[in-house]
Every structure is written in structure tokens, then in C-alpha cells.
Amino acid sequence: MNFKRLLIAFSLLTFTLGFSSENGHSEAGKEEKYNPVPFIMHHIQDGHSWHFWGEGENSVTLNLPVILWDNGLKVFSSAEFGHSNEAGKSEVVEKDGKYYVLFHEKIYETNASGDLKLDEHHHPTDENLKPLDLSITKNVAQMLLAALILLIIGFATASSYKKSQVPSGIAKFIEPLVLFVRDDIALQNIGALRYRKYVPYLTTLFLFIWVLNILGLFPGAANTTGNIAFTFTLSVLTLLIVNLSGRKTYWMHMFDPLGKGMPFGGKILIYLILVPVELLGIITKPFALMIRLFANMTAGHIIIMSLLALIFIMKTYAIAPVALGMSLFIYTLEVLVAALQAYIFTMLTALFIGSAVEEPHHDH
């Protein structure tokens with residue numbers, strides 16, 4: 001319990017120091033009001049370097065590999081981009097006669113001077129060329145870390161069961177989770193006949209999302225589950241598994257929702273409405289999964305940052321106890337949300353699979 005309190009206090013202190021550093025830059029103009037949006041957006045977005053704390057030369061940063069495909073493979077460290085200026089543009093990097101610049105965490109092909117074509121809002125236009133970016137960003141690095149953690153846990157659990165069928169060590173923690181996914185999620189939503197072959201996927205899905213949610217609460221960590229590309233990928237996997245598992249009754253309900261009780265002539269007008277709606281449901285179900293996980297995990301980070309920003313927006317430490325107290329409450333709530341969102345995503349995935357493999361009902 002003391003370790004958890006220390007971790008939460010250290011996280012809040014790290015976020016507060018980050019805001020303090022940002023506030024120092026904004027006060028140079030004295031009349032300029034503090035704008036927390038750039039810092040908040042920088043915290044929740046992906047990046048080619050993993051920034052933990054500090055600013056400028058005193059920052060603690062892990063430089064990640066940049067992997068580009070532009071008429072050949074180009075690999076180099078993100079450290080070569082150097083520090084971005086106030087406009088968000090990095091130094092120019094030259095590789096094999098081509099020049100690249102990092103602008104708000106997007107890599108663009110440019111000239112030796114680093115010129116980019118910007119619109120009136122200072123956003124790069126479509127005229128700027130972008131190489132195929134296959135880099136290991138901080139979100140990818142955190143996914144690899146989560147996968148490594150799960151592999152270590154898996155091998156440690158297997159090693160425990162080789163010694164004894166009585167769980168010990170990490171197996172005492174993992175076994176109830178696996179049984180929970182098997183009995184309360186897979187069995188209850190898919191059914192006793194076909195639930196077993198989906199248990200490995202559902203267990204992996206639950207643990208992977210949960211571990212990533214927990215890692216995202218550490219200071220300087222990436223907000224992987226708050227990245228729309230990540231949740232989109234998980235939703236596509238659900239889409240494929242559900243529809244590839246669909247039985248005859250699933251597709252018959254899709255294309256013949258009224259059954260055989262009514263002549264075709266009387267059903268055709270209804271079918272023109274129901275069939276498109278049923279087919280649209282194939283897309284909307286995983287889309288809802290994607291948005292739910294993305295929105296909930298991103299919202300928690302934004303709320304904590306916004307509460308801490310009140311200290312610098314109002315320019316008084318009198319608000320600090322309230323801001324820190326509310327931030328601590330939301331941070332604690334996020335620990336619960338981390339497990340809850342993993343459960344909801346896994347449970348709904350099992351529910352969609354269950355509807356696809358459901359046995360036909362016979363009237364007596």
C-alpha cells in the first residue's frame with residue numbers, strides 16, 4: 001500500500017514539474033496566458049522518442065529507432081532529429097542524399113533547409129511528401145514491453161505448474177484471472193459447446209489491454225490504449241473473428257431477419273430497411289469497441305492534466321490542494337478503470353462471438 005501511495009505521489013509530482021517547466025516558458029511574455037493544451041496533447045500523443053521527465057538538456061529521454069522506407073530502407077536514431085523548436089520542427093536529417101524533418105511527431109521529406117509547405121493554420125499541406133514510417137514509436141515500444149511482461153508471466157506460470165498442480169508464486173494471481181475469463185466471460189457469452197477454442201484469445205486480449213492500461217499510469221509512460229490506431233486494430237481482429245466464426249443461422253438472420261413465416265412479396269419492403277441495418281451492425285459493433293476504449297483511456301489522462309493545469313491557469317497555489325486532491329482521486333479511479341475497460345472490451349468481444357456461433361432455436 002505504501003508503494004502505491006508513493007507511486008501516485010511521484011506521478012503527480014512528475015506531472016506538476018512538467019507543467020511548471022511549460023509555465024516558465026510562457027511567462028517570458030508576461031501578458032501571455034498559460035495554455036495547457038500543447039502539454040496535454042504532447043502527453044497523450046505518440047512519439048519517436050520516449051520522454052520521461054525534465055526539459056531541454058536536462059530531460060530524461062529514450063531515443064527510439066526511426067525506420068523509413070523511401071526507395072530503400074533507412075534506419076537511424078531519433079536522437080539525430082535533436083530538439084524541436086517552438087514551432088514543433090526538428091533539425092534536418094540527411095540520409096542517402098535525402099532530407100527529413102520531424103514536425104509534430106510526423107516525418108516529412110524536405111530540402112537541406114528543412115522547408116515545409118504550411119497552410120494558414122501552420123499545418124503541413126498534402127503537397128509535402130511523407131516516407132513510409134515503420135518506426136518503433138513509444139506506443140509500439142510499450143506494446144512490446146507489455147508483450148514481454150505477459151511472456152515472462154506465462155513462462156513463470158507454466159514453470160510453477162510443472163513443479164506442482166497447486167498454484168504458487170505468480171500462478172496464484174494468474175489462475176483466478178484465467179478462470180474468470182473462461183467461466184464468467186467466455187462460457188457465459190459464447191455457450192458451453194464452443195467457448196473453449198476462444199478462451200486463449202480472450203484471455204490474451206484481457207491481460208494485454210489490462211497490462212497496457214496499468215503501464216499507461218506510470219510517469220512518462222505512453223498512452224497506448226488511448227491511441228485510436230491501437231483500438232482500431234483490436235476492433236478489426238474482433239470483426240474478423242466474429243464474422244469468420246459466423247454459422248449459417250448468423251448469416252440467415254442477417255439476410256433473412258423475418259424468417260420464413262411471411263411471403264417474400266410482403267417482406268421485400270421491410271427487407272430493404274432491415275438487411276442494410278443488419279449489415280451495418282457488422283461494422284458498428286467493433287467500431288463501438290474502438291471508440292469506447294480509446295475515449296475512456298484518453299479522457300482520464302486529459303482530466304488529470306487539466307486539473308493540474310488549474311494551478312498555472314489561475315496563477316495561485318491556493319488552488320493547489322483542490323487540484324492535487326481531485327487529481328489523486330481521478331488517478332485512483334483510473335486504476336479501477338484500467339481493469340474495467342479490459343473487462344468490457346473482452347466481454348463484448350465474447351458476446352459478439354456468441355451471437356455469431358449461437359445454435360438455432362426450435363419452437364416446440
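Asp70 counts as buried because its relative accessibility is 10%. Here buried means under 20% relative accessible area, exposed means over 50%, and partly exposed covers the values in between, using a 1.4 Å probe and protein chains only.

The model is a predicted one, in which local features need pLDDT of at least 70 and side-chain atom pairs count only at pLDDT 80 or more, while totals for chains, interfaces and linings use all residues. Residues are numbered from 1 along each chain as its sequence is written, and side-chain values use heavy atoms, with hydrogens and water left out.

## The chain as a whole

The protein chain has nine helices and eight strands. Both are DSSP runs numbered from the N terminus: helices are H or I over at least four residues, and strands are E over at least two. Of the 364 residues in the protein chain, 38% are buried. The accessible surface of the protein chain is about 20,900 Å², and carbon and sulfur atoms account for 66% of that area. Accessible areas are computed by the Shrake-Rupley method with a 1.4 Å probe, and for residues only the protein chains shown count as cover. Among contacts (heavy atoms within 4.5 Å) between residues at least 6 apart in sequence, 60% join residues at least 24 apart.

An unreviewed UniProt entry lists residues 140-158, 198-218, 224-244, 264-283, 289-314 and 335-357 under "transmembrane region". The positions are in the numbering used here, feature names are shortened, and such annotations may be inferred rather than shown by experiment. In the model, residues 224-244 are 81% helix and 0% strand, with 27 Å between the end C-alpha atoms. Residues 289-314 are 96% helix and 0% strand, and their end C-alpha atoms lie 38 Å apart.

## Salt bridges

Side chains of opposite charge can pair when their charged atoms come close. A salt bridge is counted when a side-chain nitrogen of Lys or Arg lies within 4 Å of a carboxyl oxygen of Asp or Glu. The count is four salt bridges.

One of them involves the buried Asp70: Lys98 pairs with Asp70, and their closest N and O atoms are 3.3 Å apart.

Another salt bridge joins the side chains of Lys117 and Glu127, at 3.2 Å from N to O. Lys117 and Glu127 are 10 residues apart, and each is in the loop between β7 (106-110) and β8 (132-133). Asp183 and Arg182 also meet in a salt bridge, at 2.8 Å from N to O.

A pair of aromatic rings is described by the distance of the centres and the angle of the planes. Rings of Phe, Tyr and Trp (its six-membered ring) pair if their centres lie within 6.5 Å; planes under 30 degrees apart are stacked, over 60 edge-to-face, and the rest tilted.

The whole structure holds six aromatic pairs. In one of these, Phe173 and Trp210 have ring centres 6.3 Å apart and planes at 35°, so the pair is tilted. Phe173 is in helix α4 and Trp210 in helix α5 (residues 199-215), 37 residues apart. Ring pairs also link Phe173, Phe180, Phe206, Trp210 and Tyr343 into a cluster.

Val178 is also in helix α4 (residues 171-190). The C-alpha atom of Val178 is 6.3 Å from that of Thr203, although 25 residues separate the two along the chain.

## Surface and loop details

Trp69, Leu73, Val75, Leu132 and Leu134 form a nonpolar surface patch with about 520 Å² of accessible area together. Patches take residues with over 30% relative accessible area and no salt bridge; like charges are joined within 9 Å, and nonpolar side chains (Val, Leu, Ile, Met, Phe, Trp, Tyr) within 5 Å. Val75 is in strand β4 (residues 73-77).

In the loop between β6 and β7 is His104, which has a positive phi of about 50° although it is not a glycine. Glu105 is in the loop between β6 and β7 and has a positive phi of about 70°, again without being a glycine.

The table gives the exposure of several residues named above.

| Residue | Relative accessibility | Class |
|---|---|---|
| Val75 | 54% | exposed |
| His104 | 46% | partly exposed |
| Glu105 | 22% | partly exposed |
| Glu127 | 55% | exposed |
| Phe173 | 45% | partly exposed |
| Val178 | 29% | partly exposed |
| Arg182 | 29% | partly exposed |
| Asp183 | 25% | partly exposed |
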